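Let's walk through this structure together, one piece at a time. Keep the view open beside the text and turn it as we go.

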Amino acid sequence: MKVSAPRSEMMTQTHQSEPPAAPSRSDQMYWILQCLGWGSYSTLRIIAAIAALEVPWATMTVEVLVLDGLGFVASHALRRYVRRNRWIDLPIPQMAGRIVTAGFIVGVPLGFLTQLTHVAALQDATPMLQLYFPGLNAGLTLSVRYALQMMNWAVLFVIWQVIYFIAVGLREYRSARLKQSEMARALQLAELRLLKSQLNPHFFFNALNTVRSLISENPRRAHDAVTRLANTLRHTLRSRQDELIPLSQEMEIVRDYLELESMRFEDRLRTEIFVPIDASTVRIPVMLLQTLVENAIKHGIGELPEGGLLRISAALEDDALVVEVENPRPIVANVLDSEGIGLRNARDRLRLLFGGGASLLLDVSRPDSAIARLRIPRNP
Amino acid sequence: MKALIIDDEPPARRELRRLLADFSWLEVVGEAGNIEQASALVESLLPDLLFLDIQMPGGSGFDLLSRLDHVPDVIFTTAHDEHAVRAFEVDALDYLLKPIDPARLAGSLARLKSARVHDTEPVRNVLDQIFVRDGEHCWFVPLQEVSLISSEGNYSRLSWGTRRPLLGRGLAALEQRLDPERFFRANRQQIINLKFIEHVEMGVNGRLHVQLKEGPEVEISRRQARLFKSKTSV
């Protein structure tokens, strides 16, 4: 459940931000097809009417244009309606039912109107029917003629809708596929960036150097160091952007890391850790606290010739877990540099996982220390 | 040959000491964990060689070199910053990657030893080469190749071939450490390298004008003129 959280989050985000841009292009396409379709239909009808019927051409033209104009307006109204009610998302049988119903709702008044004009004669099926039913000399009754006109329009509107939904469906399918591949790429990139920011070569090579030194000095500690180094490396390589683990597990990673660092720094690095039991079950993004601790050593204690005390403390506040990492740091003029790639990455991850519910602040209000304050909701 | 190990991590220093035990001609005379300690040790122990880490608290290995008067031979030891060493304009520096490969260490030391055989022991109270860091660039500048040193406030600008690196110390401080046989204070603003003089002219005002090879004309101040004449027997 939780693993999929950032994906759906991203999905809705891209969805919300997309409509302003996309419809303009699809709208354009719609108007072109709409005008082209109705335009050619009317033109054919006018030509056919003038050729076949003994009626002044101007009258014919006006009548066809009025009828098809109404059809044009009706189809546009229909489009607005089906778009608002997302017919495209309906299962096929339901959609088909609605398409036919809509065809008749529009077709009935238009067919009635058509029967009142000269154009009706154009669609009068009498001659054709008489071929099959020779007894139909008197022609069709008026009510049947009305019905046929309505039928005619209804079929036209069903065809219109089928073309419309095929076009829209195709477009949505394509953009969904595109979005999917774009999202997969973005996620990959984010994961790669995370890995790069976490795999700190300076730390690993120095740690290996320490291990080599310990092999001859203190074999037992060397064994221990190799185990811890392997754990740290494994977590670094395996951890994913969206994985959440209990604070207690994250603290194991942090302790392995701190143990290795104190082998390197010896008495320059002193640590104080306070994690109450009730806080240790809250789930936090994997390797995030570790990043903060690494920063505290890299930019703080590692920069001080005499070293210092690194303090990690956790507490439950209302419905959130608050973790603080405090470290002494050299007094420098520009503090702006301290917002490195690690911190930026950590913030990105929090936003993806918790939206606005989590926060990460770096407090450098005191000149000689820095406090990273992480706040994670208990029930995200 | 005396060597100094400079690294902020104690295990790394001990490991290097163990590796260097195989080279009997090399004596490790001291260790330092930051550049403050290191610069004091360099001035007092006058080592011939530095094993120098780059990333250290309180200042980098480069910072150390630029504050030293006498820069001994340097082998950088680094976990990951070899690109920083490679960025040097002059290929005078060697580097080793930590954990150090014993074979590579042996190679570096062999190169160093063979280069030393041809070198005469330098006179200790004058500067012969200087480490300059100017913006992005770092150089080891052999002072005999510098034609002119000009004062720029509290700094000094070297004329070294076509390069003009700025040195982080004043002309007066520098003058005391220069070889008097080679360098001469021409006036308040400039020190010239006597080996770079092309010709000397007497100006209309009675002053001496020195034309430097590939360089500008420098006027000798009235106060220094007599000394200049005796030095160069003009």
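## A sheet, its helices and some loops

We begin in chain A, with an open sheet of five strands whose order is β2-β4-β5-β7-β6 and whose pairing is mixed. At the edges of this sheet are β2 and β6 (359-363) of chain A; each has a single partner strand, so one side of each is left without a neighbour in the sheet. Between neighbouring strands the average turn is 10°, with direction ignored. Please bear in mind that this is a predicted model.

Let's now follow the pairings. Strand β2 (residues 269-274) of chain A runs parallel to strand β4 (residues 308-317) of chain A, and six bridges join the two. To find this pairing in the view, look for A:Leu269, whose bridge partner in β4(A) is A:Gly308. On from there, β4(A) is joined by seven bridges to strand β5 (residues 320-328) of chain A, and these two run antiparallel. Here A:Leu316 has A:Leu321 of β5(A) as its bridge partner. The hairpin of β4(A) and β5(A) has two residues between the strands, and within this hairpin A:Asp318 takes a positive phi near 50°.

Further along the order, β6(A) and strand β7 (residues 369-377) of chain A run antiparallel and are joined by five bridges. A bridge to pick out is the one from A:Leu360 to its partner A:Leu374 in β7(A).

Next come the helices that lie on these strands. Helix α11(A) lies across β2, β4, β5, β6 and β7 of chain A, and runs at about 15° to β5(A). Helix α12(A) lies across β6 and β7 of chain A, running at about 155° to β6(A).

How do these helices meet each other? Two packed helices are described by the angle between their axes and the distance between the axes. For helix α11 (residues 288-300) and helix α12 (residues 341-354) of chain A, the axes come within 10 Å and cross at roughly 160°. Because angles over 145 degrees count as roughly antiparallel, this makes α11(A) roughly antiparallel to α12(A). The crossing in which α11(A) passes α12(A) is left-handed. On the α11(A) side, the residues that meet α12(A) are A:Leu288, A:Thr291, A:Leu292 and A:Asn295; on the α12(A) side they are A:Gly342, A:Leu343, A:Ala346, A:Arg349 and A:Leu350. Sorted by class, the residues of this contact are five nonpolar, three polar and one charged.

Another helix pair in chain A is worth a visit. Helix α8 (residues 201-217) and helix α10 (residues 247-265) of chain A pack at an angle of about 65°, and their axes are 9 Å apart. The crossing of α8(A) and α10(A) is left-handed. From α8(A), the contact draws on A:His202, A:Phe203, A:Asn206, A:Ala207, A:Thr210 and A:Leu214, while α10(A) brings A:Tyr257, A:Leu260, A:Glu261, A:Met263 and A:Arg264. By class, the contact of α8(A) with α10(A) has six nonpolar, three polar and two charged residues. In the loop between α10 and β2 of chain A you will find A:Glu266. A:Glu266 has a phi near 50°, a positive value in a residue other than glycine.

Now turn to chain B. An open sheet of three strands has the order β13-β14-β15 in this chain, with antiparallel pairing. Its edge strands are β13 (197-202) and β15 (217-220) of chain B, each pairing on one side only. From one strand to the next, the twist averages 25°. Strand β14 (residues 208-212) of chain B pairs with β15(B) in the antiparallel sense over four bridges, and B:Leu208 has B:Ile220 of β15(B) as its bridge partner.

Chain B also holds a cis peptide bond, from B:Lys98 to B:Pro99, with omega near -5°. B:Pro99 lies in the loop between β5 (94-97) and α5 (102-118) of chain B.

Finally, a word on confidence in chain A. The mean pLDDT of this chain is 84, and 85% of its residues reach 70 or more. Among the elements of chain A, strand β2 has the highest mean pLDDT (96) and helix α1 (residues 5-17) the lowest (39). Over residues 1-21 of chain A, pLDDT stays under 50, and the model has 21 contacts beyond four places in sequence for them. Where pLDDT is low, the predicted coordinates should not be read in detail.

Notes:
Residues numbered from 1 in each chain as written. Chains lettered and ligands numbered in written order. Predicted model: local features only at pLDDT ≥ 70, side-chain atom pairs only at ≥ 80, totals over all residues. Heavy atoms only, no water. Axes fitted to C-alpha atoms, helices over the stretch in contact; angles between N-to-C directions. Parallel < 35°, antiparallel > 145°, perpendicular 65-115°, else oblique. Left-handed = near helix turned anticlockwise from the far one by under 90°. Contact = heavy atoms within 4.5 Å. Nonpolar A, V, L, I, M, F, W, Y, C, P; charged D, E, K, R; others polar. pLDDT = per-residue confidence, 0-100. Pairing = 2+ DSSP bridges.
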